[in-house]
Amino acid sequence: MVNHQRVDELFSDFPLDSRDGYGAFLRAHARALAPLEQLARPDAPRLPRLMEDLAALGKALPEPLAVERRGDEAFRWGALYALEGSRLGGAMLERRVPPGLPRAYLSSVHGKGGWIAFQDALDKAADDGGEDWIDGAIQGADAAFALFAAGAAAERAGLNG
């Protein structure tokens, strides 16, 4: 099981102050974001903004990773939780990107009250979901974190190799 802290540690090794390091960081995110957005169906997909940043850096969109497909809503909500939470981290990471580098993806933050509204919707879904709902949501979040970790590992290998 890969948790949020481990994913943060993996991504903290990317040098965001260089075109190549930042490009590898974005490619790592793209490997996970593409399949996760398809699975979780967020209201505001960020993949187009990430693709815009990659194009500005002259980097190709990498092949997406395979994601576990489960049809239940709890799993989807768990994956969505990880995606929406990553927007909070993006706002903090954007500060480390120097002027002149694109930042459409990292600047895709929640509007005022957006994170709280998402949490309220998540809580309502959990309340309506029944006894096993939380376990399914945790599995969805774990799957999302594992996908981001796999994306980081794949791009770090290319950055260091």
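**Reading a helix and a core**

The buried residues of α5 are Trp-115, Phe-118, Leu-122, Ala-125 and Ala-126.

Biologist: Where do those buried residues fall when seen down the axis of α5?

Modeller: Start with the general idea: an α-helix has 3.6 residues a turn, so residues three or four places apart point the same way. In this predicted model, the buried residues of α5 lie within an arc of 100°, so they line one face of the helix. On the other side of α5 sit the exposed residues Ile-116, Lys-124, Asp-127 and Asp-128.

Biologist: What span should α5 have, and how far apart are its end C-alpha atoms?

Modeller: With 16 residues at 1.5 Å a residue, α5 should span 22 Å, and its end C-alpha atoms are 22 Å apart, which agrees. Just after α5, Gly-130 adopts a positive phi of about 95°.

Biologist: Now the core. Which of its residues touch the most other members?

Modeller: In soluble globular proteins, nonpolar side chains tend to be buried together. Here the largest nonpolar core has 48 residues, and those touching the most other members are Phe-11, Phe-14, Tyr-22, Phe-25, Leu-36 and Trp-133. At least two residues of this core come from each of α1, α2, α3, α4, α5 and α6, with α2 giving the largest share, twelve residues.

Biologist: What is Phe-11 in contact with, beyond its neighbours within four places in sequence?

Modeller: Phe-11 is in contact with Phe-25, Ala-28, His-29, Phe-148 and Ala-152.

Biologist: And is Asp-17 buried or exposed?

Modeller: Asp-17 is exposed, at a relative accessible area of 58%. It lies in the loop between α1 and α2. Not counting residues up to four places away in sequence, Asp-17 touches Arg-96 and Pro-98.

Technical notes: Residues numbered from 1 in each chain as written. Predicted model: local features only at pLDDT ≥ 70, side-chain atom pairs only at ≥ 80, totals over all residues. Heavy atoms only, no water. Helix = DSSP H or I, 4+ residues; strand = E, 2+ residues; numbered from the N terminus. Buried < 20%, exposed > 50% of the residue type's maximum accessible area, 1.4 Å probe, protein only. Contact = heavy atoms within 4.5 Å. Core = buried A, V, L, I, M, F, W, Y, C linked by side-chain atoms within 4.5 Å. Expected span 1.5 Å × (residues − 1). Arc of directions from axis to C-beta.
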